[in-house]
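Please keep it in view while following the text.

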Amino acid sequence: MARTRTRAARKTVSKGAKIISAIIDNPRFFRAGKGRGVKPKVVTIRFDSKMSKKDFRTKADSLLRLSREGKLRKTPVKRDPQITRNYRGATIRKLAGRHRGNRAEQRRIAQKFSGRTSANRAGDGLDPDHVHELQLGGRDHADNLRWMDAYTNRTIGSQIAGQLRGVPDGTPVIIRVIGY
């Protein structure tokens, strides 16, 4: 039988976490590409309790990897809506084809992947997510897309966009993650 907690959880931060946080905040420890002389912009993404933990971690890990490799730069977004529309349609056709004759399941699949959800919390629907964000120099191509919880995807995208407002194009970006 498990013991019940008699004391509140400790609220201290370990020494390791403080050291890592200090390193993350210091842009000298990250490669910022070839933009010598241009101070990188540190962008913080935060976990929100309404997000999908799995999708947040996946997105945060890929952004941190791209940041360490010096591949993130603020760029103007050039989106071709046809690319995500085709990606969405191909996925719906593939999954609905597996459930021929089951109209209810086909409708559920179409609704989940439609992109027409309000996305007020995790699990409301799925969106195609750009692994390498368009606003951070990623390509608008099907190879750069994966499915992600709509709320998590839209929240992370708006967190990044809000912090990049007013930052000149071409500025190197370092990602900092809080809360996972």
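Which residue's side chain meets that of lysine 71 in a salt bridge? The partner is glutamate 69, with a distance of 3.2 Å from N to O. The structure is a predicted model, and the contacts described here are computed from it. Glutamate 69 also meets the side chain of arginine 65 in a salt bridge, at 3.7 Å from N to O. Glutamate 69 has a relative accessible area of 28% and is therefore partly exposed. Arginine 65, at 36%, is partly exposed, and lysine 71 is likewise assigned to the partly exposed class, with 46% relative accessibility.

The count of salt bridges comes to 8. One of them joins the side chains of lysine 59 and glutamate 133, at 2.8 Å from N to O. Lysine 59 belongs to helix 2 (residues 53-68), whereas glutamate 133 sits in the loop between strand 2 (126-130) and strand 3 (145-149), so the pair ties together parts that are 74 residues apart in sequence. Both residues, lysine 59 and glutamate 133, are buried. They also take part in a network of salt bridges that links Lys59, Asp129, Glu133 and Arg146.

Attention now turns to helix packing. Helix 3 (residues 81-97) packs against helix 4 (residues 103-113) at an angle of about 160 degrees, and their axes are 9 Å apart. Because of this angle, the two helices are roughly antiparallel. The crossing of helix 3 past helix 4 is right-handed. Helix 3 contributes Arg88, Thr91, Ile92, Leu95 and Ala96 to the contact, and helix 4 contributes Gln106, Ile109, Ala110 and Phe113. By class, this contact consists of 6 nonpolar, 2 polar and 1 charged residues.

Notes
Residues are numbered from 1 along each chain as its sequence is written. This is a predicted model: local features need pLDDT of at least 70, side-chain atom pairs count only at pLDDT 80 or more; totals for chains, interfaces and linings use all residues. Side-chain values use heavy atoms; hydrogens and water are left out. Axes are lines fitted to C-alpha atoms, for helices over the stretch in contact, and angles run from 0 to 180 degrees between N-to-C directions. Helices (H or I, at least four residues) and strands (E, at least two) are DSSP runs, numbered from the N terminus. Angles under 35 degrees count as roughly parallel, over 145 as roughly antiparallel, 65 to 115 as roughly perpendicular and the rest as oblique. A crossing is left-handed if the near helix is turned anticlockwise from the far one by less than a right angle, and right-handed if clockwise. Contact means heavy atoms within 4.5 Å. Ala, Val, Leu, Ile, Met, Phe, Trp, Tyr, Cys and Pro count as nonpolar, Asp, Glu, Lys and Arg as charged, and the others, Gly among them, as polar. A salt bridge is a side-chain nitrogen of Lys or Arg within 4 Å of a carboxyl oxygen of Asp or Glu. Buried means under 20% relative accessible area, exposed over 50%, partly exposed in between (1.4 Å probe, protein chains only).
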